Amino acid sequence: SVPAPKFLHLKTTTPVIAQMKPAEGAQNLKLFPNGADLSLYLPQGTTPIVLRAAGAGDLAGTAEATLIDIAPLGEGLGPQVRLAPGESRLYSFSLKDERDIGVGGRGASDSAHVRVFDAAGNTVGAGVVQMLHLMAGTYLLAVDAPADGSAIAVQPALVGVAAPDGS
């Protein structure tokens, strides 16, 4: 249960089946044969997530759940942030209609990785710079620092969300 929308990143060390009821209300079952690496948008309120053993026997191993705050992001460059190795920042943006957009990360190096997720947590794009064709809806943009190396300064970039006339 979360008081405001958050992004959940869940990892397990053993194979599991995850049963989720995402924002759209449809039941989802996902098999993670090598251990879960699940990313999911959590709307305000309660989102049930059930983990079951993928094989015979009881559920075992370790699960690590991280809730990440979500900041709104508009057209252009977002705020500059400093990310420690392995750290991520998450932003949200909405599209009123279907359109092409550009996303990326601007920084002193090209080491930051940018991922785009739909509201259900499904990856729709990944890379340093991307051009994406998206439907109307809410999306999440994650900027990730590599786990190895030093801290980096980066700005998320979003182009094409607003029409040229500003709408």
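View 1. Ile17 stands opposite Leu31, a residue of strand E3. This is a predicted model, in which local features need pLDDT of at least 70 and side-chain atom pairs count only at pLDDT 80 or more, while totals for chains, interfaces and linings use all residues. Residues are numbered from 1 along each chain as its sequence is written, and side-chain values use heavy atoms, with hydrogens and water left out. Strand E2 (residues 16-20) and E3 run antiparallel and are joined by five bridges. Strands here are DSSP runs (E, at least two residues), numbered from the N terminus, and two of them pair if DSSP finds at least two bridges between them.

**View 2. The largest pocket.** About 370 Å³ of space lies here, a volume being the space filled by probe spheres set on grid points, which are joined across faces, edges and corners. A pocket is an open set of points on a 1 Å grid over the protein atoms alone, where a 1.4 Å probe fits, with protein on both sides within 12 Å along at least five of seven lines; lining residues have an atom within 4 Å of a point. The lining has 18 residues, and His9, Ile68, Gly86, Ser88 and Arg115 lie nearest the centre. Strands E1 (6-12), E6 (63-72) and E9 (88-95) each give two or more residues to the lining, with E6 giving the most, five.

**View 3. Asp144 and Arg115, a link between distant parts of the chain.** The side chains of Asp144 and Arg115 meet in a salt bridge at 2.6 Å, N to O (a side-chain nitrogen of Lys or Arg within 4 Å of a carboxyl oxygen of Asp or Glu). Asp144 belongs to strand E14 (residues 137-144) and Arg115 to strand E11 (residues 113-118), 29 residues apart. Asp144 counts as buried at 10% relative accessibility, whereas Arg115, at 22%, is partly exposed; buried means under 20% relative accessible area, exposed over 50%, and partly exposed in between, with a 1.4 Å probe and protein chains only.

Key
Helices (H or I, at least four residues) and strands (E, at least two) are DSSP runs, numbered from the N terminus.
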